[in-house]
Amino acid sequence: MRDQAERLREIIDNLKKNQKMRSSLKEAEMSMAKTAAEDKSARIITITSGKGGVGKSNIAVNMSIALSNMGFKVALIDGDLGLANVDVLLGISPEYSMADILHCNKSIMEALCEGPGGIKFLSGGSGIEELVKLNKEQLEKFIGNIGILDSYFDIIVVDTGAGISDNVLSFVMASDEVIIVTTPDPTAIMDAYALIKVISSRSKDKDIKVIVNRAENVGEANNVLEKLVMVSDKFLKMKVSPLGFVLYDESVIKAVKSQIPFLTSNPNSVASKNIRKIADKLINSGAYAEGEIKNSGIRDFINRVYSFLKN
Ligand SMILES: Nc1ncnc2c1ncn2[C@@H]1O[C@H](COP(=O)(O)OP(=O)(O)O)[C@@H](O)[C@H]1O
Ligand SMILES: [Mg+2]
């Protein structure tokens, strides 16, 4: 009996200690978030498309791993809400999602889970729609919490759903840098163009980049890239930069089935080489590399998502 009572006391003491540790950890995180906002902002890259099923999630996952392999600290956020696409691609079932930060007082560092290749991953759950239901105090807490990402990460990749819905547009309009994925399929190209048109009607200075996925060969990929850049310039007066391409590759399909990203399972595949080239270009050329564009950080990003959804 005495033994049991003693053990119980020990357990309670440990629980108390843990709780204390947790709350001081949270305090430390919040104060780090405050200083981080002044110090450094993560680069936020939103990946989207006009048409669905063009390969956004595969590109988001593998590009994140490629950037992590280059030495950057990368967080991947699933913004394709409710579908848990990225969970499936990574073959993981995260315990927490964005919804737990909003409603269950989870800190962002607890909600993030380990992904492959050293990336961290935040599952979508159903999160962003619920932002609009928060009162000002709750929202500030959420923004403060998510602002922690700025101090921990160099790059935050947001994978979105397809199309011109409010949700997708709010992510797109909130981020400084947008990657639009298309395939050489004419309907996908038309939908990509329609999306660029909507973005251009709202803002002319978004940094839009294009990736062609599932191209048969380099010639076809470059042809699509050139066309999109040309029509956007001519008819929308919108500067769109070609970021690269991923050729059609069976290893992508195999990787999806085995739930292991192709960059990890098959690093020498054509798709892996294409992705590494894209990651390299993202880092080493363009407006970001030349310092023409400054990151506005994850707090500004969430603030802008919020004000977009509120209006
Ligand atoms: N480069 C590629 N080569 C071959 N198949 C591909 C390629 N990219 C994507 N796919 C196929 O397309 C499917 C949809 O990709 P996914 O990344 O889920 O698209 P999205 O996120 O745009 O809906 C994948 O499951 C895979 O079978
Ligand atoms: Mg997807």
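Modeller: Start with E2. Six of its six residues are buried, so E2 is largely enclosed by the rest of the structure. Keep in mind that this is a predicted model.

Biologist: Which residues of E2 sit on each side, and are those faces covered or open?

Modeller: Both faces are covered. Val74, Leu76 and Asp78 are on one side, with Ala75, Ile77 and Gly79 on the other, and all are buried.

Biologist: How many bridges does E2 make with E5, and in what sense do they pair?

Modeller: Six bridges, in the parallel sense. Gly79 stands opposite Thr160 in E5.

Biologist: And how many bridges join E2 to E4?

Modeller: Three, and those strands run parallel too. E4 covers residues 120-122. There, Ala75 stands opposite Lys120.

Biologist: Zoom out. What's the strand order in the sheet?

Modeller: E3-E4-E2-E5-E1-E6-E7-E8. That is eight strands in an open sheet, with mixed pairing.

Biologist: Which strands stand at the edges?

Modeller: E3 (113-114) and E8 (240-247). Each has a single partner strand, so one side of each is left without a neighbour in the sheet.

Biologist: What about E6 and E7, parallel or antiparallel?

Modeller: Parallel, over six bridges. E6 is residues 177-182.

Biologist: Now helices. Which strands does H2 lie across?

Modeller: E1, E2, E5, E6, E7 and E8. H2 runs at about 175° to E5.

Biologist: And which strands does H14 lie across?

Modeller: E7 and E8. The angle between H14 and E8 is about 160°.

Biologist: At what angle do H2 and H14 pack?

Modeller: About 65°, with the axes 9 Å apart. The crossing of H2 past H14 is right-handed.

Biologist: Which residues meet there?

Modeller: From H2, Asn62, Met63, Ala66 and Leu67. From H14, Ile275, Arg276, Ile278 and Ala279. By class, the contact has six nonpolar residues, one polar and one charged.

Biologist: What angle and axis distance do you get for H10 and H11?

Modeller: About 35°, with axes 11 Å apart. H10 is residues 186-202 and H11 is residues 218-236. H10 also passes H11 in a right-handed crossing.

Biologist: Which residues make that contact?

Modeller: H10 gives Ile189, Ala192, Tyr193, Ile196, Lys197 and Ser200. H11 gives Val224, Leu228, Val231, Ser232 and Leu236. The class count is eight nonpolar, two polar and one charged.

Biologist: Switching to the ligand. Which residues come nearest to ligand 1?

Modeller: Gly55, Lys56, Ser57, Asn58 and Val252, out of 17 residues around ligand 1. The elements giving two or more residues to that shell are H2 (56-69), E7 (207-215) and H12 (250-258).

Biologist: Where is Arg214 found, and why does it count as buried or exposed?

Modeller: Arg214 is in strand E7. It counts as buried because it has 23 C-beta neighbours inside 10 Å, and the cut-off for buried is 20 or more.

Biologist: And what is phi for Gln259?

Modeller: Also a positive value, near 60°. Gln259 lies in the loop between H12 and H13 (262-265). With 13 C-beta neighbours inside 10 Å, Gln259 counts as partly exposed.

Biologist: Last bit, the overall numbers. How many helices and strands are there in the protein?

Modeller: 15 helices and eight strands. Buried residues make up 44% of the 311 residues.

Biologist: What share of the contacts joins residues 24 or more positions apart?

Modeller: 79%, counting contacts with a separation of 6 or more.

Key: Residues numbered from 1 in each chain as written. Chains lettered and ligands numbered in written order. Predicted model: local features only at pLDDT ≥ 70, side-chain atom pairs only at ≥ 80, totals over all residues. Near = placed C-beta within 6 Å. Helix = DSSP H or I, 4+ residues; strand = E, 2+ residues; numbered from the N terminus. Axes fitted to C-alpha atoms, helices over the stretch in contact; angles between N-to-C directions. Left-handed = near helix turned anticlockwise from the far one by under 90°. Contact = placed C-beta atoms within 7 Å. Nonpolar A, V, L, I, M, F, W, Y, C, P; charged D, E, K, R; others polar. Buried ≥ 20, exposed ≤ 12 C-beta atoms within 10 Å, placed from the backbone. Pairing = 2+ DSSP bridges.
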